[in-house]
Amino acid sequence: MQRVFSGIQPSGIPTLGNYLGAIRNWVKIQDNHDCLWCVVDLHAITVWQDPAVLRQQSLEMAAVLLACGVDPAKHILFLQSAVRAHAQLAWIFNCVARLGWLNRMTQFKDKAGKDRENVSSGLYVYPNLMAADIHAYHATRVPVGDDQRQHLELANDIAQKFNHDYGVDFFPNIEPVILGAGARVMSLRDGTKKMSKSDPSDQSRINLNDNADTIALKIRRAKTDPLPLPFDVQELAERPEARNLVGIYAALTDSDHASVLKEHGGQGFGPFKNALTMLLIEKLAPIASETQRLLSDQEALINLLRVGAERAAVIADPIVKEAERLVGFVGLRGD
Ligand code: TRP
């Protein structure tokens, strides 16, 4: 069975967009793969994090993933900082990746912006750590959003150069599993912008812990146009807000735009928004309450994550040890 690895930043309660675009697909891929799910707190500190907030958000993200259906018995859920192998292999990869490769990373350019002199060196080598995350497990399938494609290409370049320089066939090629093209969730205030945690308006997004009243209010206020819903999918093309709401409905019912329009075409937004609100509450309320339940017993949550880290280390440690031997380290560390 191919091994799957993916990581998610502990950057607060996910939005509906994160859920439909990524987390839900993680849950689905669990059926026929061995999976490692990692909350990437080492990546998080590449930009400033308040320590108390980072700690809280790391646990929160783990709780949300569990509440969404990540299965810690069949698969492995853990915090990146709890497994040393990530940082150890990342150092070796810092010495494999070329500056020219990192200079081409569009995400670094976007994140650094004009303030390039003042960002952390960690942000620059972020993709090397990401490559280490995956290669420390010899994982070959990596579900990610389209924005991470370039980082996975870099991870493959690193593996190839390592194999070539040391004359081995040690790190396998990674296959990206690009998620969310079909379920791209847009802002409730502007159907042409992605739903995002960083949007200044909370009204633009549904958060996975929003309560029923908040969900109802946000959907009622969601931007629409004056026409009723069309019968034909093609007519959604120039109606981004209508398209977005229909898309959310389709994703939550595991169907597609056409079937949603078959049922709701001709309806005004009033009744359709009511149906969407009920559906959202039905799907999200159990996630919110399970997240709360998990967070209310932090000791149990931490124990679960400790077991996850131990199981992850059992896989990663021998792989990283072998990489260190190949590089020429004498290998006196007693693990
Ligand atoms: N960089 C990824 C993101 O921001 C998160 C991540 C870190 C990741 N390590 C990974 C994803 C390894 C896949 C595999 O979405």
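Predicted model: local features only at pLDDT ≥ 70, side-chain atom pairs only at ≥ 80, totals over all residues.
1. A cavity here is a set of points, on a 1 Å grid over the protein atoms alone, where a 1.4 Å probe fits but cannot get out. Grid points are joined across faces, edges and corners, and a volume is the space filled by probe spheres set on the points.

2. Residues are numbered from 1 along each chain as its sequence is written, and side-chain values use heavy atoms, with hydrogens and water left out.

3. The largest cavity has a volume of about 60 Å³. Its lining residues (an atom within 4 Å of a point) are Met-105, Gln-107, Phe-108, Lys-111, Leu-123, Tyr-126, Pro-127 and His-151. H6 and H8 each give two or more residues to this lining. H6 gives the most, with 3 residues. Helices (H or I, at least four residues) and strands (E, at least two) are DSSP runs, numbered from the N terminus.

4. The ligand takes up the space of the largest pocket. A pocket is an open set with protein on both sides within 12 Å along at least five of seven lines. A molecule sits in one if more than half of its atoms lie within 2 Å of its grid points. The volume of the largest pocket is about 1200 Å³.

5. The largest pocket is lined by 39 residues; Asn-18, Gly-145, Asp-147, Gln-148 and Lys-194 lie nearest its centre. H1 (16-29) supplies the largest share of the lining, 5 residues. By class, the lining has 18 nonpolar, 14 polar and 7 charged residues. Nonpolar covers Ala, Val, Leu, Ile, Met, Phe, Trp, Tyr, Cys and Pro; charged covers Asp, Glu, Lys and Arg; the others, Gly among them, are polar.

6. The shell around the ligand (a heavy atom within 4 Å) includes Phe-5, Val-40, His-43, Met-130 and Val-144. H8 gives the most to this shell, with 4 residues. The shell has 7 nonpolar, 4 polar and 1 charged residues.

7. Polar contacts are pairs of N or O atoms within 3.5 Å; within protein, one must be able to donate a hydrogen and the other to accept it, and residues adjacent in sequence count only if both atoms are side-chain atoms. For Asp-133 the distance from a polar side-chain atom to a ligand nitrogen is 2.7 Å. For Gln-148 it is 3.0 Å.
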